Amino acid sequence: MPMVVAQSAEQIERAVAAYGPAPGGVALMAEAAEAAAEAAASGVYITWRCVDRQSAARHGGGASDECARVARASRCLCG
């Protein structure tokens, strides 16, 4: 059976309703929520921007990549 890739928000919603969210997506959202709570509690909000073109390109970014939120448990992929 060939794999079907969702092409619209409606198809994604149907797939999530039928199969549940992807485990990696659930883990990513849990980490983001934990980091947001930590930032709110501490008053410290940190983002990181990788401006090294080679490093950003290795990790799928363009001229720069920006980590959405950096927290105690974060792992940055900028290298």
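This is a dialogue about how to read one predicted model.

Colleague: How many helices and strands does the secondary structure of the protein chain have?

Modeller: Helices (H or I, at least four residues) and strands (E, at least two) are DSSP runs, numbered from the N terminus. Here there are three helices and two strands, and along the sequence they follow the pattern α-α-β-α-β.

Colleague: What share of the residues in the protein chain is buried?

Modeller: Buried means under 20% relative accessible area, exposed over 50%, and partly exposed in between (1.4 Å probe, protein chains only). Of the 79 residues in the protein chain, 11% are buried. The chain exposes about 6,500 Å², with 61% of that supplied by carbon and sulfur atoms; accessible areas come from the Shrake-Rupley method with a 1.4 Å probe, and for residues only the protein chains shown count as cover.

Colleague: How many residues of α1 are buried?

Modeller: The count is zero among its 11 residues, so α1 is hardly covered. G20 follows α1 and has a positive phi, near 90°.

Colleague: Which residues does Q11 touch?

Modeller: Contact means heavy atoms within 4.5 Å. Q11 is found in helix α1, residues 9-19, and touches V5 and A6, not counting residues up to four places away in sequence. Why is Q11 called partly exposed? Because its relative accessible area is 31%.

Colleague: Where does Q7 lie, and is Q7 buried or exposed?

Modeller: Q7 lies in the segment before α1 and counts as exposed, because its relative accessibility is 65%. V5 is found in that segment before α1 too, but V5 is partly exposed, at 48% relative accessible area.

Colleague: What polar atoms does Q7 approach?

Modeller: A polar contact is a pair of N or O atoms within 3.5 Å; within protein, one must be able to donate a hydrogen and the other to accept it, and residues adjacent in sequence count only if both atoms are side-chain atoms. The backbone nitrogen of Q7 lies 2.4 Å from a polar atom of the side chain of Q11. The side chain of Q7 reaches the backbone oxygen of V5 at 3.2 Å.

Colleague: Which residues lie nearest the centre of the second largest pocket?

Modeller: On a 1 Å grid over the protein atoms alone, a cavity is a set of points where a 1.4 Å probe fits but cannot get out, and a pocket is an open set with protein on both sides within 12 Å along at least five of seven lines; lining residues have an atom within 4 Å of a point. This pocket is lined by 10 residues, and V4, V5, A6, A15 and Y19 lie nearest its centre. The C-alpha atoms of V5 and A15 are separated by 9.9 Å.

Definitions and conventions
Residues are numbered from 1 along each chain as its sequence is written. This is a predicted model: local features need pLDDT of at least 70, side-chain atom pairs count only at pLDDT 80 or more; totals for chains, interfaces and linings use all residues. Side-chain values use heavy atoms; hydrogens and water are left out.
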